[in-house]
Amino acid sequence: MKTSVIIPTYSGGEKLATTVKSLCAGTARFEELIIVVDNDDAHVVVPDHTVTKTGTTLIVIRQKNSGRAAARNAGASAATSGLLLFIDDDMICSADLVSKHVQFHETNPACILSGSGFRNPAEAKSGFDRFIIRQEESWRTSMIAKGEVTFEKFSFTACNLSLPREVFSLLRGFDEELSDAEDLDFGVRALQKDIRVFYDGGIIAFHNDFPSPGDFIRRSNEYAKARTALLRLRPDYQQLLPSLVIPKNGPLKRFFLRIAKKTVCRGVLENGPLFRLLPLRMKFFFYRLTLSAFSVVNE
């Protein structure tokens, strides 16, 4: 089955090069690699030497910054293969990733398949890295390991996603009105149209990224705002996926978190000398406290 791999990127860099290298080192050949540079103001170097060796056609699209949804849609429009495989630009793909996606679609036509997109526990170095791994492990336990996705068991991500081009066209691509959470919206719309969606945690692509506490807070808040924006745009999603609604803390807890934000949480973010002396379990407690204190929910 002919396959087009689509990677949207904003800044490129070493992470993009690593993603391309891991893809091309895989066991299955794919016909096209489409890299969409969603930032025409930056000189993004696209790695092509590895692609050339595999015989894959490299297509580079450069566009004005329009967001991840628009970048993915542009890549899909340029694709000529029947199967579209979307990968984020900071992934390390397992050797059998492409082959597993292809094998699934050979026996499951007109379906969508999403693979995992967590971080590699073996790469965790700092205490906060290990905290992120612990969080992702808890998220993983709440998801299906492998099987059909439903609204009751919703596991979906576009960082490791494949589907036939006809299905992508039927859904009219990703919603470009959304600056984030566009993949969640895509999965919901697919289920609403009775398109069968599957998740397989055994199709592995590790996020090659361990953010600092400050970056993690920023990203978490961006995603929380995106979920709120999505619910404003699609209020019916609240009944379909009640977990989208972010619960608000009571006044007493908000008061306590405001005090913590101005005191101990500053030491956590600065990784102060007293904080560094704490055992890992206590660090985990203060990381959770800091994430809550700086959450937009408490503003």
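**Close-up views of a predicted model**

**View 1. Whole chain: surface and overall form.** The chain exposes about 15,100 Å², and carbon and sulfur atoms supply 54% of it. Accessible areas come from the Shrake-Rupley method with a 1.4 Å probe; for residues, only the protein chains shown count as cover. This is a predicted model: local features need pLDDT of at least 70, side-chain atom pairs count only at pLDDT 80 or more, and totals for chains, interfaces and linings use all residues. Residues are numbered from 1 along each chain as its sequence is written, and side-chain values use heavy atoms, with hydrogens and water left out. The C-alpha trace spans about 55 × 45 × 35 Å along its principal axes. A compact globule of 299 residues would have a radius of gyration near 19 Å; the chain has 20 Å, which agrees. That radius is taken over C-alpha atoms, and the globule rule is 2.2 Å times the number of residues to the power 0.38.

**View 2. Secondary structure and burial.** The chain holds 13 helices and 10 strands. These are DSSP runs, numbered from the N terminus: helices are H or I with at least four residues, strands E with at least two. Buried residues make up 49% of the 299. Buried means under 20% relative accessible area, exposed over 50%, partly exposed in between (1.4 Å probe, protein chains only). Of contacts (heavy atoms within 4.5 Å) between residues at least 6 apart in sequence, 77% join residues at least 24 apart.

**View 3. Helix H3 and its packing.** Helix H3 covers residues 68-78; its buried residues include Ala-69, Ala-70, Arg-72 and Gly-75. The buried residues of H3 pack against strands S1 (3-9), S2 (32-37), S3 and S4 (83-87). They also pack against helices H6 (165-170) and H7 (182-192).

**View 4. Thr-9 in strand S1.** Thr-9 is found in strand S1. It counts as buried because its relative accessibility is 3%. Leaving aside neighbours within four places in sequence, Thr-9 is in contact with Leu-16, Ile-35, Val-36, Val-37, Asp-38 and Asp-89. Trp-139 is 130 residues from Thr-9 in sequence and 26 Å away in space, C-alpha to C-alpha.

**View 5. Thr-56 in a loop.** Thr-56 lies between helix H2 (49-54) and strand S3 (57-62). At 8% relative accessibility, Thr-56 counts as buried. A polar atom of its side chain lies 2.9 Å from the backbone oxygen of Phe-30. Beyond neighbours within four places in sequence, the contacts of Thr-56 are Phe-30, Glu-31, Glu-32, Leu-33 and Val-51.

Technical notes:
Polar contact = N/O pair within 3.5 Å; in protein donor to acceptor, adjacent residues only side chain to side chain.
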